[in-house]
Every structure is written in C-alpha cells, then in structure tokens.
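I am opening my notebook to look around a new structure. Come along and check each entry against the picture.

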Amino acid sequence: MGDRFQVIVDLDASEADAERLARRVVDRLVAEGIVLAERTGCVPGQPLGHPPGPHWERAVSDDWDFKPWDGLAVHTRRTGFTSGANMPGAALCPHCGAHTPLQDAQWRRFSTAMRTWHDTGAASVGCPACARAVPVPDWTWDEAPLAFGALGFEFWNWPDLGDDFRARLAGLLDGHRTAYVWGKI
Ligand SMILES: [Zn+2]
C-alpha cells in the first residue's frame with residue numbers, strides 16, 4: 001500500500017518569506033478546522049506535522065473514499081520536491097517548449113544545477129534548443145514532476161485535495177506561482 005503524499009509548493013517564496021507565509025496558511029487551515037494547531041509525529045520522514053482537524057473534508061474533493069490517517073508537514077527550507085523514486089525522463093523549456101531528455105551528460109548538467117539551487121537558492125540551466133538560461137524552478141518536467149521551492153505544504157495519506165482548496169491555499173501566498181506534486185513512497 002505505501003504512503004501517499006500531495007504537496008503544494010510555492011515556487012516564488014524566498015527562505016525569508018517562507019516562515020511568514022507558512023504561518024498565515026497554517027493559521028487559516030486551523031481556523032477552518034482542516035488541521036489541528038498542535039503538532040505531533042503524524043508525518044513520515046519529518047519529526048512533526050499537523051494532524052487532520054474536525055473539518056478535514058473541506059480540503060478534499062467530494063468523492064473522497066477514505067479518511068486522512070496522517071497529517072500536514074510544512075517545509076520552510078529550500079527543497080526539491082519529487083513524486084517518489086522515479087526521476088523525470090525529460091525537462092521542458094518554458095520558453096521554446098523543447099524537450100531535453102535527461103540522460104547522461106544532460107542529466108549531469110541538470111543535477112549539478114539542482115544541487116547549486118539547493119545550496120544557494122539560484123541556479124540556471126541553458127536550454128539546448130533555444131540557448132536561454134532557465135532558472136531551475138522554471139523548468140517543467142514530463143511524467144515524474146519535480147518542484148523546487150522554499151515553502152511546501154505536504155499532506156500525507158489524505159484523499160485527493162480539491163481543486164478549489166488548492167486554489168484557496170495558493171491565494172494566500174501573495175500571488176506566487178505554485179506547483180502540485182503527488183506521489184507514493
Ligand atoms: Zn528553450
């Protein structure tokens with residue numbers, strides 16, 4: 001069965017913004033009863049998370065078929081969010097749309113830039129097709145999405161989050177772009 005996660009990632013928040021925005025979102029989710037304010041050991045791979053609240057169903061799509069059995073982990077450090085063990089097969093340029101297969105030398109270029117982004121908060125990869133320098137968080141990816149950000153809301157073992165809920169949460173983030181990544185471990 002494994003553990004399933006869904007993450008809403010803020011692609012534009014700096015590490016300096018992350019704590020403030022995280023508090024705003026958690027305060028709202030607690031006020032709506034979606035999660036509890038207290039933190040417990042309810043999320044895999046993280047020390048503490050917010051357990052589901054009495055109105056958790058406000059966050060999920062109407063056709064949910066199980067109750068969440070874990071909680072919300074809030075990430076406020078630069079993180080490369082993945083959808084599990086698999087890496088994407090190609091990177092898609094936001095300017096020209098070209099697919100760059102992530103093999104061998106190309107994968108090394110991208111993974112080096114990802115590490116630099118993680119260490120410093122800024123790194124670009126030149127698109128082999130149009131030659132533009134594209135910041136790591138601006139690339140999109142084929143079948144196994146990645147998202148790079150300093151703020152992420154990671155729901156563990158919840159039914160599918162509703163589209164309206166995801167939009168409402170994104171609306172609390174100062175107009176930032178967001179990405180939605182889900183997967184299983
Ligand atoms: Zn390009």
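**Entry 1: the kind of model**

I noted before anything else that this is a predicted model.

**Entry 2: the zinc site**

Which residues hold the zinc ion? I looked up its donors and found the SG atoms of C93, C96, C127 and C130, at 2.3 to 2.4 Å. Then I checked the geometry. The angles among the 4 donor atoms run from 105 to 114°, and the site is tetrahedral. As a reminder to myself, the ideal angle for four tetrahedral donors is 109.5 degrees.

Next I followed the donors along the chain and wrote down their spacing as C-x2-C-x30-C-x2-C. Where do C93 and C127 sit? I placed C93 in the loop between β4 (90-92) and β5 (99-101), and C127 in the loop between β6 (124-126) and β7 (133-135). These parts are 34 residues apart in sequence, so the pair ties them together. Are C93 and C127 buried or exposed? I found C93 buried, and C127 is buried as well.

**Entry 3: a proline in a loop**

I moved on to P145, which I found in the loop between β8 (140-141) and β9 (146-149).

Leaving out residues up to four places away in sequence, P145 touches F81, T82, S83 and V181. I took T82 from that list for a distance check. P145 and T82 are 63 residues apart in sequence, yet their C-alpha atoms are 6.4 Å apart in space.

**Entry 4: the largest pocket**

Now for the empty spaces. Rolling a probe the size of a water molecule over the atoms shows where empty space is left.

I began with the largest pocket, which holds about 330 Å³ of space. I counted 16 residues in its lining, with E19, R39, H50, V74 and T76 nearest the centre. Which elements give two or more residues to this lining? They are α1 and β2 (72-75). Of the elements, α1 gives the most, with 5 residues. I sorted the lining by class and got 7 nonpolar, 5 polar and 4 charged residues.

**Entry 5: the second largest pocket**

The second largest pocket has about 160 Å³ of space. Its lining has 14 residues, and those nearest its centre are L11, W139, T140, L146 and A179. I noted that β8, β9 and β11 (178-184) each supply at least two residues of this lining. By class, I wrote down 11 nonpolar, 1 polar and 2 charged residues.

**Entry 6: the cavity**

How many cavities of 30 Å³ or more does the structure hold? I found 1, and the volume of the largest cavity is about 40 Å³. I listed its lining as R28, L29, E32, F165, R168, L169 and L172. Two or more of the lining residues come from each of α1 (15-31) and α3 (163-170). The element that gives the most is α3, with 3 residues. What classes do the lining residues fall into? I noted 4 nonpolar and 3 charged residues, and no polar ones.

Methods
Residues are numbered from 1 along each chain as its sequence is written. This is a predicted model: local features need pLDDT of at least 70, side-chain atom pairs count only at pLDDT 80 or more; totals for chains, interfaces and linings use all residues. Side-chain values use heavy atoms; hydrogens and water are left out. On a 1 Å grid over the protein atoms alone, a cavity is a set of points where a 1.4 Å probe fits but cannot get out, and a pocket is an open set with protein on both sides within 12 Å along at least five of seven lines; lining residues have an atom within 4 Å of a point. Grid points are joined across faces, edges and corners, and a volume is the space filled by probe spheres set on the points. Helices (H or I, at least four residues) and strands (E, at least two) are DSSP runs, numbered from the N terminus. Ala, Val, Leu, Ile, Met, Phe, Trp, Tyr, Cys and Pro count as nonpolar, Asp, Glu, Lys and Arg as charged, and the others, Gly among them, as polar. Donors are N, O and S atoms within 2.8 Å of the metal (3.2 Å for Na, K and Ca); water is not among the atoms, so sites may look incomplete. Four donors count as tetrahedral if all angles lie between 85 and 135 degrees; four count as square planar and six as octahedral if opposite donors are over 155 degrees apart and all others between 65 and 115; anything else is irregular. Buried means under 20% relative accessible area, exposed over 50%, partly exposed in between (1.4 Å probe, protein chains only). Contact means heavy atoms within 4.5 Å.
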